[in-house]
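Please look over the sequence and the structure shown below before reading on. The paragraphs that follow lead through the model one region at a time.

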Amino acid sequence: MKKLIIVILALVSTLTFAQDINKKDSNGNRHGKWSKNFEGTNVIRYEGEFNHGREVGTFKFYKKIDDKPVLTATRAFSSKNDLAKVKFFSSTKNLISVGDMRGKTYVGKWIYFHNKSKVVMTEEFFDNRGKLEGSKKTYYLSGQLAQQDNYSSGILVGESRSYSEFGKVLRTFNYLNGQLHGSSKVFDSQGRIEMEGVYQKDRRHGIWKFYKDGKFVKEKDFTRRSKYPKRKKK
């Protein structure tokens, strides 16, 4: 008899919960707790809460792996503005990245982490239009700075520097409107100069000098640009 009562109470609880979710207010806006499953399955796709059509609190989003829900992202909505603090996760529950979003637009500072690690891999900043702005830094797993670039409205500008894992400068390039333009230098792992010259609109220009073990070896004139193809972008 006790078992029967427990089963009945569980069914009533389930039905009550089901009636309390996915509701709309008198204006047709989603209101209260909402959740959706992947089509044709009982595997949850997302869950969260609305306040008369506006997302509130924390929403959770899932992947379907082996017919089971695996958390892939959370969006914590602010009560003070239209931003949400977003976190992305790997299928093994490791944090991939974190930052703010307005709808689908990245805004402000974003941090990315090395695979299966809490060590920061990249730091970058987005303006209100979702364009990269200012300094972007990439780090080795050791925490040593690997590369630093500069952006303006999503376009590479100014000096870009790459470093070895021991802090030696490997490359210095300059950019104008996203193209290589200006002086450039390449160094070996010991920090000794290997080549130097100038780019104009992604092409080598003028006299380039080449070195071995830091000692001058030869130079080459790239003034006649039409003979030389554009540098391939990585």
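**From an aromatic cluster to the paired strands**

Phe-59 counts as buried because its relative accessibility is 3%; buried means under 20% relative accessible area, exposed over 50%, and partly exposed in between, with a 1.4 Å probe and protein chains only. The model is a predicted one, in which local features need pLDDT of at least 70, side-chain atom pairs count only at pLDDT 80 or more, and totals for chains, interfaces and linings use all residues. Residues are numbered from 1 along each chain as its sequence is written, and side-chain values use heavy atoms, with hydrogens and water left out.

Phe-59 belongs to one aromatic cluster, together with Trp-34, Tyr-46, Phe-50, Phe-61 and Phe-77. Rings of Phe, Tyr and Trp (its six-membered ring) pair if their centres lie within 6.5 Å; planes under 30 degrees apart count as stacked, over 60 as edge-to-face and the rest as tilted. Across the whole structure, a search finds 14 aromatic pairs. One of them joins Phe-50 and Phe-59 edge-to-face, at 5.2 Å centre to centre and with 80° between the planes. Both of these residues, Phe-50 and Phe-59, are buried. The pair of Phe-59 and Phe-61 is stacked, because the ring centres are 6.4 Å apart and the planes lie at 25°. Phe-61 itself counts as partly exposed, since its relative accessibility is 26%.

Gly-48 is found in strand 3 (residues 44–51); here helices (H or I, at least four residues) and strands (E, at least two) are DSSP runs, numbered from the N terminus. With a relative accessible area of 11%, Gly-48 is buried. Contact means heavy atoms within 4.5 Å, and, leaving aside neighbours within four places in sequence, Gly-48 is in contact with Gly-32, Lys-33, Trp-34, Thr-58 and Phe-59. For Gly-48 and Thr-58, which are 10 residues apart in sequence, the C-alpha to C-alpha distance is 6.3 Å.

The chain as a whole can now be described. It has one helix and 19 strands. Of its 234 residues, 29% count as buried. Among the contacts in the chain with a separation of 6 or more, residues 24 or more positions apart account for 10%. The accessible surface, from the Shrake-Rupley method with a 1.4 Å probe and, for residues, with only the protein chains shown as cover, comes to about 15,800 Å², of which 52% belongs to carbon and sulfur atoms.

How are the strands further along the chain paired? Two strands pair if DSSP finds at least two bridges between them. Strand 11 (residues 145–152) and strand 13 (residues 158–163) run antiparallel and are joined by two bridges. Within strand 13, Arg-161 stands opposite Gln-148. Strand 13 also pairs with strand 14 (residues 169–176), in the antiparallel sense and over six bridges, and there Arg-161 stands opposite Thr-172. The hairpin of strand 13 and strand 14 has five residues between the strands, and in this hairpin Gly-167 takes a positive phi near 90°.

Leaving aside neighbours within four places in sequence, its contacts include Glu-159, Ser-160, Arg-161 and Phe-187.

A nonpolar core is a set of buried Ala, Val, Leu, Ile, Met, Phe, Trp, Tyr and Cys residues joined through side-chain atoms within 4.5 Å. Of the 17 residues in the largest one, Trp-110 and Phe-173 touch the most other members. Strand 6 (84–89), strand 8 (105–113), strand 14 and strand 18 (203–212) each supply at least two residues of this core. Beyond its neighbours within four places in sequence, Trp-110 is in contact with residues including Val-86, Phe-88, Met-101 and Phe-126.

Two loop residues deserve a separate look. Most residues other than glycine have a negative phi. Asn-177, although not a glycine, has a positive phi of about 55°; Asn-177 lies in the loop between strand 14 and strand 15 (179–180) and counts as exposed, at 60% relative accessibility. Asp-213, in the loop between strand 18 and strand 19 (215–221), has a positive phi near 55°.

Finally, some charged groups lie over rings, a term that requires NZ of Lys or CZ of Arg within 6 Å of the ring centre and within 35 degrees of the ring normal. Arg-204 lies over the face of Trp-208, at 4.7 Å from the ring centre. The charged end of Lys-218 sits over the ring of Phe-210, 5.7 Å from its centre.
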